[in-house]
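Let's take a friendly walk through the charged pairs and the helices around them. Please have a look at the structure first.

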Amino acid sequence: MTAPTPTPVRPERFEIVDALRGSALLGLFLLHCVEHFEFGAYPEGRSGWLLALDHGARDVAFFLFAGKAYAIFAMMFGLSFFLILGRAARRGLDFRGRFVWRLCVLTVIGYLFGVFYCGEILTMLAILGLPLAFLHRVPTRWLVALSAVFLMQPVFLWQLGHALLDPAYAPARLDVWSYYRKLGAVFSQEGLLEVLKVNLWTGVQARWSWSIENGRYLQMFGLFLWGLLLGRGRIFEDRERSLRLARRALAVALAAFVVVLLVQRSLPSWGLAEATRGILRRLLGSYGQLAQMTVWAAGFVLLYHATPCRRALNLLAPYGRTSLTNYVTQSLVGMTLFYHFGFGLFRHLGEFPSILFGVGFFALQCAVSRRWLANFHYGPLEWVWRCLTFLSFKTPFRKSRPAAEAPLTAVAFEVSEGKR
């Protein structure tokens with residue numbers, strides 16, 4: 001593998017893609033702060049207004065971000081795949097083999113990172129993204145159909161049909177929470193070495209079993225295909241087409257969310273067996289999160305193109321362009337603050353002050369990212385990933401021209417984590 005590493009070029013029109021990715025990273029980070037980075041342990045003895053404030057912050061964070069922020073990342077992953085292969089094709093290159101190698105590199109990066117932070121999703125994105133290399137030339141109508149199949153959660157639908165025909169049926173469940181209880185015991189009492197040891201395998205079991213049991217892996221791949229279709233349709237390259245699609249998507253998603261919400265609230269009165277209700281809850285939860293994610297993405301596009309918010313939203317673009325670096329950094333800092341081996345702040349901070357920390361650290365990362373990209377083409381980890389992709393460290397890193405004239409990177413962090 002000795003493909004050339006051309007000087008990066010970035011059309012201005014893709015600034016919205018980086019800004020949207022940055023908004024997703026912010027949502028993911030705030031959710032991880034609430035969860036204390038896959039830990040979920042909080043101060044004892046809270047009561048009254050403080051407990052209510054913490055619970056309210058947790059409910060709002062989960063409603064806004066859980067299952068939606070990661071979904072934006074997954075969609076951006078598919079879009080980035082299209083942009084990478086399309087850029088190579090314009091130079092007469094077939095990048096599919098290189099893309100597979102790129103994901104192999106990401107798998108290794110993700111696993112090494114996962115030894116520190118059990119909530120990483122880089123390995124999942126890399127492994128589930130491999131089939132994209134073989135779907136690049138599949139006709140659009142087949143991609144639309146395939147994405148619909150995955151997003152409809154066929155496993156849950158099969159389980160639901162089985163349960164309705166046989167009330168005694170109960171689907172096999174993975175022992176997800178036993179893994180997280182084991183992890184939590186280590187995170188709350190042990191040192192860094194024990195954290196690394198338990199994450200070597202138990203952390204892998206926890207995140208994969210959670211994803212399988214909740215249908216996250218199917219939804220993730222369906223969203224990869226959505227991103228591929230958005231790229232193929234050149235949606236982000238045409239402001240008017242973006243606005244038309246965003247308006248339609250927003251209307252449909254809002255209607256779908258209302259329907260899902262009404263069904264969820266009426267579910268207890270249906271007289272179904274507990275196992276059947278569990279299947280329906282997971283199915284409806286997946287549909288509802290997909291609807292909310294669509295509202296988020298469509299609303300962002302409308303705010304970006306149809307209101308005076310563009311300049312403010314573009315502040316997220318540098319943060320989104322260095323997403324890999326920011327994602328890893330915020331997770332390592334969060335672990336150090338909340339876990340026992342570090343400052344052990346899980347004993348002192350509830351959900352609300354944890355979100356305040358997240359907002360402050362986000363502002364710091366935004367400022368650093370903006371300053372960094374004034375002098376460098378890539379974030380540090382983005383550059384390393386690119387060099388390993390091409391098996392060459394000749395990729396330009398520091399800008400040699402003034403920031404106003406320097407070329408910008410076409411795609412930064414093409415993956416999109418956290419468990420949520």
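Arg46, Asp54 and Glu351 are joined in a network of salt bridges, a salt bridge being a side-chain nitrogen of Lys or Arg within 4 Å of a carboxyl oxygen of Asp or Glu. This is a predicted model, in which local features need pLDDT of at least 70 and side-chain atom pairs pLDDT 80 or more, while totals for chains, interfaces and linings use all residues. Residues are numbered from 1 along each chain as its sequence is written, and side-chain values use heavy atoms, without hydrogens and water.

By this rule there are 11 salt bridges, among them these three:

| Salt bridge | Closest N to O |
|---|---|
| Arg46 and Asp54 | 2.8 Å |
| Lys197 and Glu194 | 3.4 Å |

Arg46 and Asp54 are both buried; buried means under 20% relative accessible area, exposed over 50%, and partly exposed in between (1.4 Å probe, protein chains only). Arg173 is exposed, at 52% relative accessibility, whereas Glu213 is buried at 11%. Lys197 and Glu194 lie three residues apart in helix α10 (residues 192-199), so about one helical turn separates them. Helices here are DSSP runs (H or I, at least four residues), numbered from the N terminus.

Now to helix α5 (residues 122-129): seven of its eight residues are buried, so the rest of the structure largely encloses α5. The buried residues of α5 include Met124. Ser211, in helix α11 (residues 202-213), touches Met124, Arg216 and Tyr217, leaving aside residues up to four places away in sequence; contact means heavy atoms within 4.5 Å. Ser211 is itself buried, with a relative accessible area of 1%.

Notes: Helices (H or I, at least four residues) and strands (E, at least two) are DSSP runs, numbered from the N terminus.
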